[in-house]
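Thanks for coming. Please look at the sequence and the model on the screen while I talk.

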Amino acid sequence: MQRKNTLSVLTLMKEERGRLSAGIFLAILCSALSFVPYFVIYQMILSLIRQTLSFSNALFWAMVAVVAAVLQNVLLSCATICTHTAAFNTMHRLKLRVLEHLSRLNLGFFHDHAPGRLKGALFDDIGRLEDFIAHNTIELAQAIVVPVLLFLLLLFLQPVMALCMLIPAVLGIALPMAMMRRYPDLTNEYAKTMSELSGSVNEFVSCMPIIKMYGLTAEKFKKYSSAALAYTGCLKKMAGCSCRPIAITIVILDSGILFTLPIGGLLYLNGGLTAEVFLLFILLTMCFYSAFFSLLNIMMGHMELESGLASIKEILNTQPICGGDKKLPKTGSYEVRFDDVCFGYDRDRQALSHVSLTLNPGTLTAFVGPSGAGKTTAAQLIGRYWDTDSGTISIGGVPLQDIDSESLMDLTAFVFQDVFLMEDTLFENIRMGSNATEEQVIAAAKAAQIDDFICTLPQGYQTRIGDKGVKLSGGQQQRIAIARAILKDAPIVIFDEATSYSDIENEHKIQLALQSLLKGKTTIMIAHRLHTIRNADNIVVFDAGQIVEQGRHEDLVAAGGIYSHMWKAYLGKEAV
Ligand code: ADP
């Protein structure tokens with residue numbers, strides 16, 4: 001059982017404690033220097049009152065103020081360099097951790113979490129750390145140290161006055177905090193609506209061809225407009241919840257001096273306070289109260305950040321696929337077995353129900369049946385895209401859960417209808433991060449019947465695919481995927497035969513490519529065009545998540561069951 005992840009800003013910052021401590025220390029020195037101008041003003045006024053102010057005296061104090069300002073600037077720059085470096089390192093580390101974790105999750109997770117939402121978590125939520133760690137740590141150090149030092153100094157000079165000064169500060173923080181009890185809930189809602197919004201924007205952009213075809217605008221695209229509405233609504237609620245308390249804080253802290261002045265005046269008249277100390281109190285009170293205002297801002301920022309991290313916590317707390325420790329050699333030939341397998345994407349509907357099946361080593365098994373019958377699901381379960389609800393799938397007699405995750409990946413090669421191509425060169429798209437040599441990549445492309453086409457391109461294998469590069473037809477994409485699978489040379493191949501690329505030339509090339517790919521492998525072919533699997537060793541007919549028939553083509557046709565009807569219908573369609 002994986003331990004729950006108690007990710008918080010503080011735990012993340014721990015790993016950068018060296019840099020952060022340095023940044024905070026420098027920020028505290030900087031804060032100490034920020035008293036110097038007040039002290040200089042105090043000295044000047046004192047000299048004025050005592051009529052001892054001379055040019056050299058004034059120049060000296062002016063120089064002190066300038067040196068302090070320059071030093072303050074240097075220290076603050078060094079502090080921000082430390083905290084920014086710490087922030088970027090923390091973000092980098094967290095992004096890597098999340099990406100690494102994502103790569104170990106099963107596909108079900110990605111089905112429930114749209115790419116836009118994941119991108120939002122990775123960039124927006126983690127991005128907010130920068131502001132907090134790089135800026136707020138310094139502000140926080142200053143917001144704590146400045147009032148504490150001032151308070152101790154003033155307490156030493158005149159305890160009654162110092163204690164009275166605390167009253168507006170405490171009120172200025174406590175009142176808004178009491179009034180903003182709903183704020184943490186709203187920040188959670190904000191993080192959620194923000195993630196929904198980035199998910200729908202992503203979907204809106206990626207569905208642009210359909211959106212254009214049906215003349216949809218951003219407003220008419222329901223998912224986007226309601227996400228945008230919820231987001232704006234949440235922002236309004238947050239503003240509604242925080243505006244009044246913040247205004248109250250501003251008024252209390254800004255007018256705090258009006259509270260301390262009469263008390264100081266009374267003490268002065270009673271002889272409890274000298275004129276100079278009274279003057280110092282007036283000067284330092286302004287500095288004292290402004291620190292509390294920063295404190296409130298930082299507290300609100302921290303709440304927003306912690307809510308944003310909730311989505312990261314959810315990702316990190318999702319159980320990854322746990323593989324066993326059995327490694328099966330890639331060079332073997334394996335039997336694949338389904339024993340009473342049941343599986344549903346959601347609780348109330350089973351996509352596969354009590355499926356038992358044996359795929360003999362090195363044979364070709366075809367999965368046929370109507371759309372939604374469960375063929376793709378059954379094939380994907382072999383790669384542990386999801387785990388079965390009950391029953392076992394085994395390779396070479398070893399249950400999938402006992403096989404080491406990497407070994408399982410090595411054992412299986414999937415070629416699906418929707419081919420994922422990276423925005424990279426054709427060479428890298430075939431090589432897919434393996435350390436295959438150029439000769440091996442070219443040999444795979446030749447076997448997959450795509451080398452001829454690649455050689456006609458001016459930059460050959462170095463041609464880029466994607467937005468700024470060449471666009472491939474469906475058939476070409478599928479042959480790239482076949483080349484990848486040939487290069488991978490896995491003993492188990494799962495091939496989803498596409499229907500959309502059925503022009504004669506493509507079909508012929510794909511058949512040739514398949515001959516290279518499937519030689520000696522345990523193969524599953526999800527078949528749409530039945531003539532392509534007439535020679536399969538076993539044809540398995542799925543219907544409503546169950547196996548309803550299986551056998552060789554001739555036997556199934558002769559049996560007069562579902563397959564024979566499908567075959568007749570198929571022949572009729574082909575004849576048209
Ligand atoms: P086939 O490959 O035979 O067309 P599938 O295995 O894709 O069928 O689907 C089997 C059932 O599971 C269908 O009812 C389908 O709607 C459902 N299904 C497929 N993929 C998902 C998914 N990612 N989430 C929820 N339901 C799914």
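I will go through the domains, the ligand site, the cysteines, and then some single residues.

First, the ground rules. This is a predicted model, in which local features need pLDDT of at least 70 and side-chain atom pairs count only at pLDDT 80 or more, while totals for chains, interfaces and linings use all residues. Residues are numbered from 1 along each chain as its sequence is written, and side-chain values use heavy atoms, with hydrogens and water left out.

Let us start with the domains. The chain is assigned domain 1, residues 9–316, and domain 2, residues 336–575. Such bounds come from an automatic or database domain assignment. How far apart are the C-alpha centres of domain 1 and domain 2? They lie 55 Å apart.

Now the ligand. It is surrounded by 12 residues, and the closest are Gly372, Gly374, Lys375, Thr376 and Thr377. A residue is near a molecule here if one of its heavy atoms lies within 4 Å of it. Which helix gives the largest share of this shell? That is helix α13, residues 375–382, with 3 residues. Helices are DSSP runs of H or I with at least four residues, strands are runs of E with at least two, and both are numbered from the N terminus.

By class, the shell has 4 nonpolar, 6 polar and 2 charged residues. For the classes, Ala, Val, Leu, Ile, Met, Phe, Trp, Tyr, Cys and Pro count as nonpolar, Asp, Glu, Lys and Arg as charged, and the others, Gly among them, as polar.

Next, some polar contacts. A polar contact is a pair of N or O atoms within 3.5 Å; within protein, one must be able to donate a hydrogen and the other to accept it, and residues adjacent in sequence count only if both atoms are side-chain atoms. Ala373 uses its backbone: an N or O atom there lies 3.0 Å from an oxygen atom of the ligand. Lys375 uses its side chain, where an N or O atom is 2.9 Å from a ligand oxygen. For Thr376, a polar side-chain atom lies 2.5 Å from an oxygen atom of the ligand. Taken alone, the ligand exposes 560 Å², and the protein buries 71% of that. These areas come from the Shrake-Rupley method with a 1.4 Å probe; for residues, only the protein chains shown count as cover.

On to the cysteines. A disulfide is a covalent bond between the sulfur atoms of two cysteines. In this analysis, the test is a pair of cysteine sulfur atoms within 2.5 Å. How many disulfides does a search of the whole structure find? The search finds 0. Cys78 is in none, and the nearest cysteine sulfur, that of Cys82, is 7.0 Å away. For Cys241, also in no disulfide, the nearest cysteine sulfur is that of Cys243, 9.4 Å away.

Are these two cysteines buried or exposed? Buried means under 20% relative accessible area, exposed over 50%, and partly exposed in between, with a 1.4 Å probe and protein chains only. Cys78 has 34% and is partly exposed, while Cys241 has 10% and is buried.

Now single residues. Ser200 lies in helix α8, residues 183–206. With a relative accessible area of 1%, Ser200 is buried. A polar atom of its side chain lies 3.0 Å from the backbone oxygen of Leu197.

Two residues have a positive phi without being glycine. Arg384 has a phi near 55°, and its place is the loop between α13 and β4, residues 390–395. Arg384 is buried, at 4% relative accessible area. Ala544 has a phi of about 45° and is found in the loop between β9 (538–543) and β10 (546–551). Ala544 is exposed, at 61%.

Last, some distances between C-alpha atoms. Glu100, in helix α4 (residues 55–103), is 216 residues from Leu316 along the chain, and their C-alpha atoms are separated by 9.8 Å. Phe132, in helix α6 (residues 115–157), is 329 residues from Tyr461 in sequence and 45 Å away in space. Asp537 sits in the loop between β8 (522–526) and β9. Asp537 and Ile49 are 488 residues apart along the chain, with 107 Å between their C-alpha atoms.

That is the end of my part.
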